[in-house]
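Hi,

Here is the structure I promised to pass on. Have a look at it first, then read my notes below.

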Amino acid sequence: MAGHSKWANIQHRKGRQDAVRAKLFSKFSKEITIAAKMGDPDPEKNPRLRLAVKEAKSQSMPKDNIERAIKKAIGGDGEDYEEIRYEGYGPNGVAVIVEAMTDNRNRTASNVRSTFTKNGGNLGETGSVAFMFERKGEIIYKAAAGDADTIMMAAIEAGAEDVESDEEEHVVYCADTDLNEVATALEAELGESESTKLIWKPTTTTELDLDSMQTLMKLVDALEDDDDVQRVTTNFEASDEVMAQL
């Protein structure tokens, strides 16, 4: 079973409605503004901002929106957000990591807890599931960027740790602290990537049947609908048969 594509699609399922895209752009704007506030407003001098802008562009976020988010930080506008990570369990004990940015910690904690409870999960303590994941950099190229050997050699030269290739794409993994450096080196060799970001990569997975998968999807969708939630990651695994039924 190709673990990557199965758990990754929960992180970035595509082809959803315009309302979802608007929400996605709002999340990108928040990340860009925070990154610009915390460092230099020039993406070339601020690795976190550069990666945020790159990810926003990969999802077709308009240039005007990106520039507006950076200007917001330069002008001192925008709320003071803090980053919080929540950890919990979904159906069958599947691990769930929720990354949020909020200007009201109490509101977000209450909403996240309530969403877990209403959708068959439960919120755990900090650290309750993080040990089942590793913090990694992830760089994705379409299959057309080169054959598996070419990508593997480029990745090794760039300082990456691992590559997973299939018919659709090449997924390059590296240490979280090396992401900007590895992404820049790969870009020089292979051109622009499809996606470049920090992820939580599962080290152990929990296999789910169709019913559990449907319950998990509802939980993830409900969490992602919260304006304070930036990203949801799980460690589910499912057979090709279950994925096809979904």
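Two packed helices are described by the angle between their axes and the distance between the axes. Keep in mind that this is a predicted model.

Let's start with helix H5 (residues 105-118) and helix H8 (residues 210-224), which pack at an angle of about 160° with their axes 9 Å apart. Angles over 145 degrees count as roughly antiparallel, so that is what H5 is to H8. Their crossing is right-handed. On the H5 side you'll find Val112, Thr115 and Phe116, and they meet Leu219, Ala222 and Leu223 in H8. Sorted by class, that contact has five nonpolar residues, one polar and no charged ones.

Now the other pair. Helix H6 (residues 148-158) packs against helix H7 (residues 179-190) at about 140°, and the axes are 9 Å apart. That angle makes H6 oblique to H7. The crossing of H6 and H7 is right-handed. Ile151, Ala154, Ala155 and Ala158 from H6 meet Val182, Ala185, Leu186, Glu189 and Leu190 from H7. By class, this contact has eight nonpolar residues, no polar ones and one charged.

One last thing, from the records: an unreviewed UniProt entry lists residues 81-236 as "domain: TACO1/YebC-like second and third". In the model, that span is 33% helix and 36% strand, and its end C-alpha atoms lie 30 Å apart.

Cheers

Definitions and conventions:
Residues numbered from 1 in each chain as written. Predicted model: local features only at pLDDT ≥ 70, side-chain atom pairs only at ≥ 80, totals over all residues. Heavy atoms only, no water. Axes fitted to C-alpha atoms, helices over the stretch in contact; angles between N-to-C directions. Helix = DSSP H or I, 4+ residues; strand = E, 2+ residues; numbered from the N terminus. Parallel < 35°, antiparallel > 145°, perpendicular 65-115°, else oblique. Left-handed = near helix turned anticlockwise from the far one by under 90°. Contact = heavy atoms within 4.5 Å. Nonpolar A, V, L, I, M, F, W, Y, C, P; charged D, E, K, R; others polar. UniProt positions renumbered as here; feature names shortened; annotations may be inferred.
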